[in-house]
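Visitor: I'm new to this one. Please show me the structure and start with whatever you like.

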Amino acid sequence: FATRTRVYWHADGLHECHENFKDMYNYKFLIEKAIKLGIRFVVNSDEDIDILRGMGIDDDQIYKLPPILRTTKHGIKNWKRPNLLTVGRFFPYKNHDLIYGWVNEVNKNLELNLVGVADGLESELMVKNLVKMGARLVINPTEDLIDKLFSRATHFLLASEVESLGVVTLEAICSGAIPLVRRIGGISSYLPKRFLFDNKLDFQDKL
């Protein structure tokens with residue numbers, strides 16, 4: 001018996017790849033084939049929608065859904081002693097090292113936790129450099145530990161250069177932390193300008 005199947009493509013990641021691959025034949029062929037087959041593209045932000053429209057995808061093939069977030073209970077935050085947090089894979093474009101350096105230039109006494117998964121040679125090298133710098137690292141944490149870190153954090157910082165939506169930023173906000181993140185990807189579609197930065201001086205001034 002023939003069954004009707006619908007295929008959905010979660011478009012998270014197109015911010016990362018589209019600009020790099022948009023002129024490559026195989027990539028264009030794949031997108032064109034997906035459009036012709038009626039594949040439905042699922043997005044999380046208006047930023048995603050603009051990119052898909054630019055790729056020739058009609059609105060009737062685009063479905064916007066909110067991201068599914070972890071629920072973190074608000075812990076007792078000590079606002080007199082800021083607790084800063086950044087979360088992301090220890091990859092160069094996530095810029096844990098920038099966050100560490102920029103924060104220390106503002107105030108070396110601020111408590112800052114750099115959290116994320118370290119898998120691969122790039123991660124290993126970055127972790128080694130951060131250890132030499134004296135950074136406080138939390139590597140490969142459990143979900144329970146991440147929840148505890150979110151609950152304690154007063155501020156969430158992110159200098160990543162690649163974010164489709166920035167789900168980790170939304171999770172931090174849900175935990176009651178004040179965000180200060182790079183204006184990148186879908187983040188700018190839900191955060192006011194005062195919580196966004198464009199460069200080092202902008203970051204340090206707002207911090």
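**Pockets, cores and rings**

Guide: Helix H7 gives the largest share of the lining of the largest pocket, 3 residues. This is a predicted model, in which local features need pLDDT of at least 70 and side-chain atom pairs need 80 or more, while totals for chains, interfaces and linings use all residues. Residues are numbered from 1 along each chain as its sequence is written, and side-chain values use heavy atoms, without hydrogens or water.

Visitor: What counts as a pocket?

Guide: On a 1 Å grid over the protein atoms alone, it is an open set of points where a 1.4 Å probe fits, with protein on both sides within 12 Å along at least five of seven lines; lining residues have an atom within 4 Å of a point.

Visitor: How many residues line the largest pocket, and which lie nearest its centre?

Guide: The lining has 24 residues, and Val87, Gly88, Lys94, Val167 and Val168 lie nearest the centre. Strand S5 (111–116), helix H6 (143–152) and helix H7 (167–174) each supply at least two residues of that lining. Helices (H or I, at least four residues) and strands (E, at least two) are DSSP runs, numbered from the N terminus.

Visitor: And what lines the second largest pocket?

Guide: Its lining includes Pro82, Leu84, Leu110, His155, Ile178, Arg194 and Lys206. The largest share, 3 residues, is from S8.

Visitor: Let's step back. How many helices and strands are in the chain?

Guide: The protein chain has 8 helices and 9 strands. Its C-alpha atoms fill a box of roughly 65 × 35 × 35 Å, taken along the principal axes.

Visitor: What percentage of the residues is buried?

Guide: Of the 207 residues in the chain, 43% are buried, meaning under 20% relative accessible area; exposed is over 50%, and partly exposed is in between (1.4 Å probe, protein chains only).

Visitor: Which residues are buried in helix H3?

Guide: Asp48, Ile49 and Leu52 are buried in H3, which covers residues 46–54. Glycine 56 follows H3 and has a positive phi, near 90°.

Visitor: What about the largest nonpolar core: which members touch the most others?

Guide: Leu85, Val87, Phe150, Phe156 and Val181 do, out of 18 residues. Strand S4 (83–87), H6, S7 and H7 each give this core two or more residues, and H6 has the largest share, 3 residues. A core here is a set of buried Ala, Val, Leu, Ile, Met, Phe, Trp, Tyr and Cys residues joined through side-chain atoms within 4.5 Å.

Visitor: What is in the second core?

Guide: That separate core has 17 residues, including Trp102, Val103, Val127 and Ala159. Trp102 is also part of an aromatic cluster with Phe197 and Phe203.

Visitor: Aromatics, then. How many pairs are there?

Guide: Rings of Phe, Tyr and Trp (its six-membered ring) pair if their centres lie within 6.5 Å; planes under 30 degrees apart are stacked, over 60 edge-to-face, and the rest tilted. By this rule there are 9 aromatic pairs. One of them, tyrosine 25 with phenylalanine 29, is stacked, at 6.1 Å centre to centre and 20° between the planes.

Visitor: Where do those two sit?

Guide: Both lie in helix H2 (residues 25–36), 4 residues apart, about one turn of the helix.

Visitor: Is tyrosine 25 buried or exposed?

Guide: Tyrosine 25 is exposed, because its relative accessible area is 60%. Phenylalanine 29 is at 42%, so it counts as partly exposed.
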